Amino acid sequence: MIVAEGLEQTYTSVGQALKVLHGINLTVEPQGFVAIVGPSGSGKTTLLGLLAGLDRPTAGSVELDGQNLNSLTEDARARLRAEKIGFVFQNFQLIPTLTARENVLVPVELRRALAGQTTEIDVEERARDLLRRVGLADRIHHYPAQLSAGEQQRVALARAFANQPSILFADEPTGNLDAETGSTVIDLLVTLNAEEETTLVLVTHDNALASRAHRVIRIAAGRIIAEERPNPQ
Ligand SMILES: Nc1ncnc2c1ncn2[C@@H]1O[C@H](COP(=O)(O)OP(=O)(O)O)[C@@H](O)[C@H]1O
Ligand SMILES: [Mg+2]
């Protein structure tokens, strides 16, 4: 569950203040699927960064599963992200020197390092299982450069779910893919999200994609301008 109240973000560069979010209020229910849609530059990535605790807002607050992110130190927020949050990016962000399997295990290692987590699950089996579920059972030992763009994003999906996150943030995950490949990736994302009972917050400027969400939040120039419920939860 995410509760954001009065979120504002102002960036200052070369002495100029630029306010990019103007008081965003947003609640995302557990296991919800919310799409955030808006034109380029409207503040979508900034908003995602605040909801995920990557950045601190200039004003307002974000609660993740009852915990106010403002009250946490940088280290505590890093631990919280490692424990609860998965990410998928537009440009995949796989580590080029690691195989598919090793990339999927990165968040598991990070979580172990940050939180001292000794998970009960067999992480090797988990990595294999996730790569199988995204259709890459025969690409486990491939490096990113040996994979197509769609395959790379499928590895990134497997990685995002590796730690059994409670919330997954996806920022334009199909932005670098052709329409057909993008639609395959979204099918997998929606399926994994339902199977893993994760909450999904998806940023996109693709309306067709957004229409698959429970809720669509439209933003423009840093404000929520409309909300629709194409598939009520
Ligand atoms: N770190 C930053 N420093 C200064 N300005 C930024 C920074 N990040 C984003 N911006 C500006 O904030 C606005 C919103 O950016 P962003 O959140 O990336 O929008 P979107 O993801 O909707 O395209 C843009 O005008 C962008 O140039
Ligand atoms: Mg963006």
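**View 1. H3 and H4 meet in a right-handed crossing.** This close-up, like the others here, comes from a predicted model. The contact draws on Ala 100, Arg 101, Val 104, Leu 105 and Val 108 from H3, and on Val 123, Ala 127, Leu 130 and Leu 131 from H4. By residue class, that contact of H3 with H4 comes out as 8 nonpolar, no polar and 1 charged. As for the geometry, two packed helices are described by the angle between their axes and the distance between the axes. Here, helix H3 (residues 100–115) and helix H4 (residues 123–133) pack at about 125 degrees, and their axes sit 10 Å apart. That angle makes H3 oblique to H4.

**View 2. Here's what surrounds ligand 1.** The shell takes in Tyr 11, Ser 13, Leu 18 and Val 20, then Gly 38, Ser 40, Gly 41, Ser 42 and Gly 43, plus Lys 44, Thr 45 and Thr 46. H1 gives the largest share of the shell, with 3 residues. Sort the shell residues by class and you get 3 nonpolar, 8 polar and 1 charged.

**View 3. Gln 164 sits in a loop.** Look for Gln 164 between helix H5 (149–161) and strand E7 (167–171). Gln 164 counts as partly exposed because it has 15 C-beta neighbours inside 10 Å, and being called buried would take 20 or more. For a sense of distance, the C-alpha atoms of Gln 164 and Arg 218 are separated by 28 Å, with the two residues 54 apart along the chain.

Methods:
Residues are numbered from 1 along each chain as its sequence is written. Chains are lettered from A and ligands numbered from 1 in the order in which they are written. This is a predicted model: local features need pLDDT of at least 70, side-chain atom pairs count only at pLDDT 80 or more; totals for chains, interfaces and linings use all residues. A residue is near a molecule or strand if its C-beta atom, placed from the backbone, lies within 6 Å of it. Helices (H or I, at least four residues) and strands (E, at least two) are DSSP runs, numbered from the N terminus. Ala, Val, Leu, Ile, Met, Phe, Trp, Tyr, Cys and Pro count as nonpolar, Asp, Glu, Lys and Arg as charged, and the others, Gly among them, as polar. A residue is buried if 20 or more other C-beta atoms lie within 10 Å of its own, exposed if 12 or fewer, and partly exposed in between; C-beta atoms are placed from the backbone. Axes are lines fitted to C-alpha atoms, for helices over the stretch in contact, and angles run from 0 to 180 degrees between N-to-C directions. Angles under 35 degrees count as roughly parallel, over 145 as roughly antiparallel, 65 to 115 as roughly perpendicular and the rest as oblique. A crossing is left-handed if the near helix is turned anticlockwise from the far one by less than a right angle, and right-handed if clockwise. Two residues are in contact if their C-beta atoms, placed from the backbone, lie within 7 Å.
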